[in-house]
Structure formats: C-alpha cells, structure tokens
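Here are a few exercises to work through with the model open beside you. Try each task before you read its solution.

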Amino acid sequence: MIRSRAVLSAGSNVGDRLDHLTTVVERLADDLVATSAVYSTPPWGGVEQDDFYNITLIVEGAKRPDDWLEICHELEQSADRTREIRWGPRTLDVDVISVSYDGEVVRSDDPDLLLPHPRAVERAFVLVPWLAIDPEAALWTPEGVRPVADLVEHLDADERAGVRPVADLPGVGPR
Ligand SMILES: Nc1ncnc2c1ncn2[C@@H]1O[C@H](COP(=O)(O)OP(=O)(O)OP(=O)(O)O)[C@@H](O)[C@H]1O
Ligand SMILES: Nc1nc2c(c(=O)[nH]1)N=C(CO)CN2
C-alpha cells in the first residue's frame, strides 16, 4: 500500500492531561515523523470549561485516511472518552487534520471523515503547534491552499497569545 502522511491534533482537558497525550504519542511511535510540544490552550468553541492541553503530530505509514481515523477513535475509547456536549470537556479528542499521498492532499466530504478538517483553519490550538513542527505546512481552505504561517498570522491576536508551550512530552525524545 502507498504510504500516506497525516497531521493529527490531540487535546485533553479532563483527568491527567499529560498522561492522555503521552498515550497518543506512544501508540503512534512507529509512525511518528514529528510531535509538537504540549501547549496549554484556552477552550475554543464557546463552552465554558477548563483549559486544554494540545499537541499536533505528523505521522506517516502504509495507511488509508480511514485507518488514521480508526486509530484516533481507538485512542479516544482507550481514554474512556464519552460524547456529551459538542465542543465540551473531554479526556481525549484526536482529530485528523489533513492527509496526503506524496504531497497530494486528500479531500473528502464524507461526514465521517471530512478532509481537510473544516474547522482546523480557525483553531489556534491546531495551527500554532503545527507551524512549530513544520514551518512549510499548508492547509486546504475554501479560499485555496494557504500557508499555515499566514493562517496563524491572521488569527485573533488574543487567541494566538493564549496558546502557550508548557512541556515536552516525558520520555519522547526528538526524532
Ligand atoms: N477529520 C476528522 N477527524 C476526526 N473526526 C472526524 C473528521 N471528520 C469527520 N469526523 C467525524 O466527526 C465525528 C465527531 O467527532 P468528535 O466527537 O471528535 O467531534 P468534536 O471533536 O466534538 O468536534 P470537531 O469535529 O469540531 O473537532 C466523528 O464521529 C468523526 O467520524
Ligand atoms: N483549546 C481547545 N479547545 C477545544 C478543543 C481542544 O482540543 N482544544 N477541542 C474541542 C473539541 O472539538 C473543543 N474545544
């Protein structure tokens, strides 16, 4: 099977946030290309709740887009994730942000796997860590392909400033 590259975003604001994110990195260790630092991020989406810890990861492997989504769901289940309030508190959320084959970005309007993730463009908690691990990153948006650096620059200044690196993941060295 052809290798695909995926950008994933993981977040947690319930329980041991670092522990939940560490589990994600450990599960993906064989496919990891890069992992961002852990960022503390104010809740996005209008629900009042605790701050999140977020990471963005780049992974690569002989996988279809669905396979990446399945891994994301497995990880959420292993953290006993329940779906209660949309954009509300959660032990672990793992989303597929973008998938590409040999630089060709996959676009999907399947509601079970929308690609690229339609709300990534407005989420500082995805874009800021992504830019930190891939300064050349680009994202498909309804206005065309945009450098993530430009998207970050156009984020609301307060929102961007709220996304702060707080830790590197324990036991996960540079790759
Ligand atoms: N790119 C994607 N990554 C992850 N899930 C997706 C994607 N596109 C569609 N989905 C679907 O969205 C559904 C809801 O996912 P989830 O509960 O994680 O949403 P959410 O995190 O509350 O909101 P958001 O999708 O805005 O991040 C899942 O069942 C999943 O199949
Ligand atoms: N900062 C931040 N806010 C969120 C997050 C998240 O991971 N980080 N996930 C959400 C669920 O989609 C809703 N809001």
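**Exercise 1: aromatic rings**

The count comes to one aromatic pair, taking rings of Phe, Tyr and Trp (its six-membered ring) with centres within 6.5 Å. This is a predicted model, where local features need pLDDT of at least 70, side-chain atom pairs count only at pLDDT 80 or more, and totals for chains, interfaces and linings use all residues. Residues are numbered from 1 along each chain as its sequence is written, chains are lettered from A and ligands numbered from 1 in the order in which they are written, and side-chain values use heavy atoms, with hydrogens and water left out.

Task: work out how the rings of W44 and W87 are arranged, and where the two residues sit.

Step 1. Start with the geometry: the ring centres of W44 and W87 are 4.8 Å apart and the planes are at 75°, so call this pair edge-to-face (planes over 60 degrees apart; under 30 is stacked, the rest tilted).

Step 2. Now place them. W44 is in the loop between β3 (38-41) and β4, and W87 is in the loop between α2 and β5, so the pair ties together parts 43 residues apart in sequence. Helices (H or I, at least four residues) and strands (E, at least two) are DSSP runs, numbered from the N terminus.

**Exercise 2: charges over rings**

Task: which ring does R123 lie over, and which does R107?

Step 1. Apply the rule: NZ of Lys or CZ of Arg must be within 6 Å of the ring centre and within 35 degrees of the ring normal.

Step 2. R123 lies over the face of W44, 4.2 Å from the ring centre.

Step 3. For R107, the charged end sits over the ring of W140, 4.0 Å from its centre.

**Exercise 3: the largest pocket**

Task: describe the lining of the largest pocket.

Step 1. Get the volume: the largest pocket has about 730 Å³.

Step 2. Look at the middle. Of its 33 lining residues, R90, D93, D95, H117 and R119 are the closest to the centre.

Step 3. Find the contributors. The elements giving two or more residues to this lining include β1 (4-12), α2 (65-78) and β5 (93-101). The largest share, four residues, comes from β5.

Note on methods:
On a 1 Å grid over the protein atoms alone, a cavity is a set of points where a 1.4 Å probe fits but cannot get out, and a pocket is an open set with protein on both sides within 12 Å along at least five of seven lines; lining residues have an atom within 4 Å of a point. Grid points are joined across faces, edges and corners, and a volume is the space filled by probe spheres set on the points.
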